[in-house]
Structure formats: structure tokens, C-alpha cells
Amino acid sequence: MFGWKKLGAKFLTEQAYQAMGVLEQARIRYKMPSDDMFFVSTFHRPHPDLRWYILVRHRDYQRAMELLGKEGL
């Protein structure tokens, strides 16, 4: 119940930033398994073809999937 669960897809770099923005606006906690995303500034992002997992808490999983589905992510 309190663990973290991967969202269904791996996101491309730009989509990952969009998904993180949607989750932040909805106040859903998330984390990324890769630290590479966090050591790069917003103005100099990682390579656009890299794929990223996003983890959300089990209790927020369904709500996060619905929000990202509405956004087309």
C-alpha cells in the first residue's frame, strides 16, 4: 500500500517532463529510478531519445493513470 509502482509506460525525455508537470499540478508524489534526470538543468535536458520510468505511490496509481490518460501521455 505504501510502496511505489511503475506507471505503465517508459516515457521519452520530453514526455517524462510533461508527465512530471501534470503529476506536480495534481500534487501526486512521484520519483524517477534514474538519477541522471535530476542532475541536468531544465535548460539542458538529457538526450530526447532516452526513455524513463516514473514511479508513483500505490494509492495514487489509478488517479495518476487517469490524469496522464486525459493528457494523452
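Helices (H or I, at least four residues) and strands (E, at least two) are DSSP runs that are numbered from the N terminus. The model shown here is predicted, so local features need pLDDT of at least 70 and side-chain atom pairs count only at pLDDT 80 or more, whereas totals for chains, interfaces and linings use all residues. Residues are numbered from 1 along each chain as its sequence is written, and side-chain values use heavy atoms, with hydrogens and water left out.

**View 1. The protein chain as a whole, with two helices and five strands.** Read from the N terminus, the elements follow the order β-β-α-β-β-β-α. Of the 73 residues, 30% count as buried, where buried means under 20% relative accessible area, exposed means over 50%, and partly exposed lies in between (1.4 Å probe, protein chains only). The accessible surface of the protein chain comes to about 5,200 Å², and carbon and sulfur atoms hold 51% of this area; such areas come from the Shrake-Rupley method with a 1.4 Å probe, and for residues only the protein chains shown count as cover. Among contacts (heavy atoms within 4.5 Å) with a separation of 6 or more, 79% are between residues 24 or more positions apart.

**View 2. Helix α1 and the elements that its buried residues pack against.** With 13 residues, α1 reaches 19 Å from its first C-alpha to its last, which is close to the 18 Å expected at 1.5 Å a residue; the expected span is 1.5 Å times one less than the number of residues in the helix. The buried residues of α1 are T13, A16, Y17, A19, M20, V22 and L23, and they pack against β2 (11-12), β3, β4 (51-52), β5 and α2 (61-71).

**View 3. The largest nonpolar core, a group of 16 residues.** A nonpolar core is a set of buried Ala, Val, Leu, Ile, Met, Phe, Trp, Tyr and Cys residues joined through side-chain atoms within 4.5 Å. The members that touch the most other members are L7, F11, L23, I54, V56, A64 and L68. The elements that give two or more residues to this core are α1 and α2, and the largest share, six residues, comes from α1. Leaving out residues up to four places away in sequence, L23 touches I28, Y30, I54, V56 and A64. In soluble globular proteins, nonpolar side chains tend to be buried together.

**View 4. R27 in the loop between α1 (13-25) and β3 (30-31).** This residue, which follows α1, has a positive phi of about 60 degrees although it is not a glycine. With a relative accessible area of 76%, R27 is exposed.

**View 5. L55 in strand β5 (residues 55-57).** L55 is buried, because its relative accessible area is 13%. Residues up to four places away in sequence aside, L55 touches W4, K5, K6, R29, Y30, K31 and P33. The C-alpha atoms of L55 and P33 are separated by 7.5 Å, although the two residues are 22 residues apart along the chain.

**View 6. D60 and R57, whose side chains meet in a salt bridge.** D60 is placed in the loop between β5 and α2, and at 9% relative accessibility D60 counts as buried. The structure holds one salt bridge, a term for a side-chain nitrogen of Lys or Arg within 4 Å of a carboxyl oxygen of Asp or Glu. The bridge joins D60 and R57 at 2.9 Å, N to O, and both of these residues are buried. Apart from its neighbours within four places in sequence, D60 is in contact with I28 and R29.
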